[in-house]
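Please open the model in the viewer and keep the selection panel at hand.

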Amino acid sequence: MSNQQNKGAYLTGAKVRPFEVSTHPLPQLKDNEVLIKNEAVALNPVDWKVQRSGYIVNKFPNVLGYDLAGTIIEIGPNQSRNDLKVGDRVLAFTTQLVTQDPRQGAYQQFVAALSIGVSKIPDETSFESASTIGLAISTAVHGLYYSNYLNIPRPSADSKPLGQTILIWGGASSVGSYAIQLASQSGLKVVTTASKKHNEYLTSLGASAVLDYSSPTVVEDLKKLGPYEYAFDAIAEHGTTKKIAEILQPKGAKVAVTLDVSDELPENVKASRVGAAYVLDGGEINNWLFKEYIPNALKNGKLIPNVVQLESGGIEGIQAALDSFADKGVSGKKIVLRPFE
Ligand SMILES: NC(=O)c1ccc[n+]([C@@H]2O[C@H](COP(=O)([O-])OP(=O)(O)OC[C@H]3O[C@@H](n4cnc5c(N)ncnc54)[C@H](OP(=O)(O)O)[C@@H]3O)[C@@H](O)[C@H]2O)c1
């Protein structure tokens with residue numbers, strides 16, 4: 001391993017495109033890190049938003065990318081996760097957005113990942129499917145289960161129907177599709193919005209009703225399926241939160257939202273912006289999600305990873321894949337690069 005080089009796609013400055021592909025020595029591991037040989041990388045909207053807008057990341061050169069799957073090839077010192085070992089197949093949600101440490105970005109062959117964002121994955125789960133999970137499920141978990149957000153009970157063997165309903169706007173998004181699965185496993189009835197073609201898919205994930213968000217009567221139609229005790233806005237753009245607020249009247253409710261909300265909302269609707277990286281706090285929910293829920297729910301078929309749109313361009317192809325994502329978007333799929341070399 002000593003002369004092994006690490007090829008990566010480097011962001012060389014704010015708003016600079018394309019990434020510069022170059023090789024560097026393997027990272028030296030620090031406390032609580034594991035070295036992962038990267039097999040698959042999934043793209044999230046934040047990747048292109050960071051590159052195009054120049055926000056969040058201000059240290060250069062840097063390596064972006066927050067979702068990957070691969071194999072552990074080295075365990076770092078002072079490890080809090082004694083369940084991880086060399087040879088484990090894993091997914092990782094990287095902490096790079098918080099630490100800005102280029103060794104932790106996903107867009108490279110070997111990634112020094114903090115073990116609090118690592119889950120073991122069963123043999124039946126492909127690397128490409130696994131790579132779609134970490135950031136998006138953490139976003140859903142933050143909104144649904146943290147006490148200052150919706151504070152819903154987490155799924156467990158004893159979960160029973162709670163007799164309550166959640167409205168999840170944007171069920172076909174990556175975040176929305178994980179939120180549907182978690183909320184329904186917690187015992188909530190889930191009503192969601194998506195374009196018509198995703199009806200069957202989202203019902204199979206646990207939604208009781210899927211309404212077309214482009215329908216001119218969507219607000220009245222959703223209102224008839226209420227009342228809602230909770231709402232999760234996985235889109236939070238183009239006035240979606242305002243529509244949710246209208247649907248929640250007259251009672252109001254808390255709404256977890258994925259972006260800052262500029263809509264003016266009535267007083268009885270409290271919208272709070274979630275943050276995926278807050279789940280990487282080393283706390284109880286963090287442990288539950290990465291050590292228990294993800295591996296077990298993948299194994300027993302309760303957690304269905306996003307549908308993958310596979311791109312084969314590897315590290316050299318990441319810029320083109322990211323540009324296509326930014327310019328054309330996706331519909332009910334997650335873009336994944338595999339192999340990633
Ligand atoms: N705060 C955080 O920590 C955090 C974390 C993750 C994501 N985010 C943000 O959350 C948003 C979603 O991220 P993602 O990765 O889940 O997105 P994504 O998978 O790329 O979202 C694509 C989906 O959005 C759906 N959609 C678009 N406009 C819609 C609308 N007006 N109503 C309902 N559905 C709509 C589309 O549904 P159809 O196919 O049915 O048209 C499409 O399938 C992004 O803005 C992202 O930056 C924030």
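A salt bridge is here a side-chain nitrogen of Lys or Arg within 4 Å of a carboxyl oxygen of Asp or Glu. Between domain 1 and domain 2 the count of such bridges is 0. The model is predicted, so local features need pLDDT of at least 70 and side-chain atom pairs count only at pLDDT 80 or more, while totals for chains, interfaces and linings use all residues. Residues are numbered from 1 along each chain as its sequence is written, and side-chain values use heavy atoms, with hydrogens and water left out.

**Stop 1: the two domains**

Select residues 5-133 together with 305-337 for domain 1, and then 137-276 for domain 2. These bounds come from an automatic or database domain assignment. A distance drawn between the C-alpha centres of domain 1 and domain 2 spans 28 Å. The contact (heavy atoms within 4.5 Å) takes 10 residues from domain 1 and 11 residues from domain 2.

The size of an interface is often given as the accessible area lost when the parts come together. Buried area is the accessible area (1.4 Å probe) that two parts lose on being put together, summed over both. Domain 1 and domain 2 bury about 820 Å² between them, with 43% of it on carbon and sulfur atoms. Select F93, I133 and N306 next: these residues supply 47% of the area that domain 1 buries against domain 2, more than any other three residues.

Polar contacts are pairs of N or O atoms within 3.5 Å; within protein, one must be able to donate a hydrogen and the other to accept it, and residues adjacent in sequence count only if both atoms are side-chain atoms.

**Stop 2: R81**

Select R81, in the loop between β4 (67-75) and β5 (89-93). Helices (H or I, at least four residues) and strands (E, at least two) are DSSP runs, numbered from the N terminus. Is R81 buried or exposed? The terms are set by relative accessible area: buried means under 20%, exposed over 50%, and partly exposed in between (1.4 Å probe, protein chains only). R81 counts as buried because its relative accessibility is 5%. Leaving aside residues up to four places away in sequence, R81 touches S115, V118, F290 and K291. A polar atom of the R81 side chain lies 2.9 Å from the backbone oxygen of V118.

**Stop 3: salt bridges**

The whole structure holds 15 salt bridges. Begin with R103 and E33, whose side chains meet at 2.5 Å, N to O. This pair links distant parts of the chain, 70 residues apart: R103 is in the loop between α2 (96-99) and β6 (110-114), and E33 is in strand β3 (residues 33-42). R103 is buried at 17% relative accessible area, and E33 is buried at 2%.

Move to K37 and E39, where the salt bridge is 3.7 Å, N to O. K37 is partly exposed, at 31%, whereas E39 counts as buried, at 18%.

Next, select E128 and R338, which form a salt bridge with the closest N and O atoms 2.8 Å apart. E128 lies in helix α3 (residues 127-130) and R338 in the segment after β15 (334-337), 210 residues apart. E128 is buried at 18%; R338, at 27%, is partly exposed. Finally, select R17, R52, D323 and D327, which salt bridges with shared partners join into one network.
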